Amino acid sequence: MACASFAKLNASSSQWIGQQSFSQRHARTSAPCRVSLSIRAAAGYTDELVHTAKTIASPGRGILAIDESNATCGKRLASIGLDNTETNRQAYRQLLLTTPGLGEYISGAILFEETLYQSTTDGKKFVDCLKEQKIVPGIKVDKGLVPLPGSNNESWCQGLDGLASRSAEYYKQGARFAKWRTVVSIPCGPSALAVKEAAWGLARYAAISQDNGLVPIVEPEILLDGDHPIERTLEVAEKVWSEVFLYLAENNVLFEGILLKPSMVTPGAEHKEKASPETIAKYTLTMLRRRVPPAVPGIMKNI
């Protein structure tokens, strides 16, 4: 009974599939129906996102990454004989964020969540210290790498669950851009699954960030591990970035309101021949010119 609706094919009779002939199916689909859909991108933050991205990408300045976790910050404190307490972490971050003239060289600062809510010892919010120097506060929003089931010992980045509500709170606290880091390993393949997961995760993160007023830094890091030549790195980087921009477009991400943080195109760290700075620059620029749309306002590297 279950197969009654399926067809038998023979030369002397009409060819049927699922009780419908090929000719009937063709006739019904030959004139595609075009539907115009109104897509809400960036949830009304378009102008602000574009302004923020251009500010961070302003010439002569860069991003300061001080998004160390409390555990990592504790290692820095331990190296000078200090305990890993919130008071000591606050003092360490205050020393950095209140440096005179910092804004001459820094356009954005990526903060750890604790830092975003901290203040100086005299009660001034760290966010306000940054804004006074025309530095845009940012926030690390991913929840780290975990093993990717079904892959070749590869990883994926978690943190999409609850990201919308967290991003809305970060915006209220003064953050205006976000960072999300995922990785791709060349020695592990990379598998098509890992590349797709990295690209799709970045696209969803970017769309959610923009929907809550945060400029997303898009960072698919190509790990340096391996003994492969620079040509292999270029091949993988082009594949990864092509998928990233495909999924960014599918998620209606505003290209003018994102920033990129690509890896340099280099040979694997264990490759027998080291590339010159000129060669690395040539291959990296080749990849960027082939893959990055001109609408993107800035390509960043951490200081």
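**Entry 1: Asn252**

I began with Asn252, which counts as partly exposed at 34% relative accessibility; buried means under 20% relative accessible area, exposed over 50%, and partly exposed in between, with a 1.4 Å probe and protein chains only. I note that this is a predicted model, in which local features need pLDDT of at least 70 and side-chain atom pairs count only at pLDDT 80 or more, while totals for chains, interfaces and linings use all residues. Residues are numbered from 1 along each chain as its sequence is written, and side-chain values use heavy atoms, with hydrogens and water left out.

I found Asn252 in the loop between H9 and S10. Helices (H or I, at least four residues) and strands (E, at least two) are DSSP runs numbered from the N terminus. The phi of Asn252 is positive, about 60 degrees, although Asn252 is not a glycine.

**Entry 2: other backbone features**

I looked up Asn153, a residue other than glycine whose phi is also positive, near 55 degrees. Asn153 lies in the loop between strand S6 (145-147) and strand S7 (155-157), and is exposed, with a relative accessible area of 70%.

I then checked the peptide bond from Gly189 to Pro190, which is cis, with omega near -15 degrees. Pro190 sits in the loop between strand S8 (177-184) and H8.

**Entry 3: the nonpolar core**

Which residues have the most contacts inside the largest nonpolar core? I recorded Tyr205, Phe245, Leu248 and Ile258, in a core of 67 residues. Such a core is a set of buried Ala, Val, Leu, Ile, Met, Phe, Trp, Tyr and Cys residues joined through side-chain atoms within 4.5 Å. Helix H9 (residues 230-250) gives the most to this core, with 10 residues.

Phe245 counts as buried, at 8% relative accessibility. Leaving aside its neighbours within four places in sequence, Phe245 is in contact (heavy atoms within 4.5 Å) with Phe255, Ile258, Leu260, Arg291, Val292, Pro293 and Val296.

**Entry 4: aromatic pairs**

Rings of Phe, Tyr and Trp (its six-membered ring) pair if their centres lie within 6.5 Å; planes under 30 degrees apart count as stacked, over 60 as edge-to-face and the rest as tilted.

One of the pairs, Trp200 with Tyr247, is edge-to-face, at 5.4 Å centre to centre and 85 degrees between the planes. This pair links distant parts of the chain, 47 residues apart, with Trp200 in helix H8 (residues 192-211) and Tyr247 in helix H9. Trp200 is partly exposed, with a relative accessible area of 37%, whereas Tyr247 is buried at 10%.

The ring centres of Phe245 and Phe255 are 5.5 Å apart and their planes are at 75 degrees, so I logged this pair as edge-to-face. Phe245 belongs to helix H9 and Phe255 to the loop between H9 and strand S10 (259-260), 10 residues apart. Phe255 is buried, with a relative accessible area of 17%. I also noted one aromatic cluster formed by Trp241, Phe245 and Phe255.

**Entry 5: H3 against H4**

At what angle do helix H3 (residues 70-78) and helix H4 (residues 86-97) pack? I recorded about 80 degrees, with the axes 10 Å apart. Axes are lines fitted to C-alpha atoms, for helices over the stretch in contact, and angles run from 0 to 180 degrees between N-to-C directions. H3 and H4 are therefore roughly perpendicular to each other, the class for 65 to 115 degrees. Asn70, Cys73, Arg76 and Leu77 of H3 make the contact with Asn88, Arg89, Tyr92 and Arg93 of H4.

Conventions
Angles under 35 degrees count as roughly parallel, over 145 as roughly antiparallel, 65 to 115 as roughly perpendicular and the rest as oblique.
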